[in-house]
Amino acid sequence: MGSPKSERYFVFMNYDPEYERLRADRTKRGAYELDMYLSRKHDELLANTLEHGSYEKTISLVIVDGFAVEITEDQASVLRSASGVRVVEKNQELPS
């Protein structure tokens with residue numbers, strides 16, 4: 001029996017005043033700081049919640065505090081109960 005199949009999930013975070021503060025700064029520096037803050041925050045959540053090397057974060061989203069990650073259904077369940085996580089949803093492919 002092979003290892004469980006990884007699929008893309010989107011993870012959306014709870015309200016974060018620091019995210020809102022950084023998002024309000026429309027300068028290039030503000031955009032850079034927001035990008036770095038979210039990337040670090042999302043990476044730390046994954047590192048503290050899932051086994052190293054068992055997932056692949058594909059993108060941190062800036063328009064909402066969230067990210068896409070390749071994980072198994074079991075890992076999605078673990079993330080759903082992690083502190084600060086609001087929603088974990090499996091990506092739904094639309095038929096062409």
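**Contacts and helix packing in the chain**

Biologist: Which residues does valine 87 touch, not counting residues up to four places away in sequence?

Modeller: Contact means heavy atoms within 4.5 Å. With residues up to four places away in sequence left aside, valine 87 touches Phe10, Val11 and Phe12.

Biologist: Which pLDDT do local features need in this model?

Modeller: Residues are numbered from 1 along each chain as its sequence is written, and side-chain values use heavy atoms, with hydrogens and water left out. This is a predicted model, in which totals for chains, interfaces and linings use all residues, side-chain atom pairs count only at pLDDT 80 or more, and local features need pLDDT of at least 70.

Biologist: Is valine 87 buried, partly exposed or exposed?

Modeller: Valine 87 lies in strand β4, residues 85–90. Buried means under 20% relative accessible area, exposed over 50%, and partly exposed in between, with a 1.4 Å probe and protein chains only. Because its relative accessible area is 26%, valine 87 is partly exposed.

Biologist: How many Å separate the C-alpha atoms of valine 87 and methionine 13 in space?

Modeller: In sequence, valine 87 and methionine 13 are 74 residues apart. In space, their C-alpha atoms are separated by 6.9 Å.

Biologist: What pattern does the chain follow along the sequence?

Modeller: Helices (H or I, at least four residues) and strands (E, at least two) are DSSP runs, numbered from the N terminus. The chain has 3 helices and 4 strands. Read along the sequence, their pattern is β-α-α-β-β-α-β.

Biologist: Why is α1 described as roughly antiparallel to α2, and at what angle do they pack?

Modeller: Axes are lines fitted to C-alpha atoms, for helices over the stretch in contact, and angles run from 0 to 180 degrees between N-to-C directions. An angle under 35 degrees counts as roughly parallel, over 145 as roughly antiparallel, 65 to 115 as roughly perpendicular, and the rest as oblique. The axes of α1 (residues 17–24) and α2 (residues 28–49) lie 8 Å apart. Helix α1 is roughly antiparallel to α2 because of their packing angle of about 155 degrees.

Biologist: How many nonpolar, polar and charged residues form the contact of α1 with α2?

Modeller: From α1, Glu18, Tyr19, Leu22 and Arg23 meet Gly30, Glu33, Leu34, Tyr37 and Leu38 of α2. Ala, Val, Leu, Ile, Met, Phe, Trp, Tyr, Cys and Pro count as nonpolar, Asp, Glu, Lys and Arg as charged, and the others, Gly among them, as polar. The residues of this contact divide into 5 nonpolar, 1 polar and 3 charged.

Biologist: Is tyrosine 19 buried or exposed?

Modeller: Tyrosine 19 has its place in helix α1. With residues up to four places away in sequence not counted, tyrosine 19 touches Leu34, Tyr37, Leu38, Val62, Ile63, Val64 and Asp65. Because its relative accessibility is 4%, tyrosine 19 counts as buried.

Biologist: What is the C-alpha to C-alpha separation in space of arginine 23 and valine 62?

Modeller: Arginine 23, also in helix α1, is partly exposed, with a relative accessible area of 34%. Not counting residues up to four places away in sequence, arginine 23 touches Leu34, Val62 and Ile63. Arginine 23 and valine 62 are 39 residues apart in sequence, and their C-alpha separation in space is 8.2 Å.
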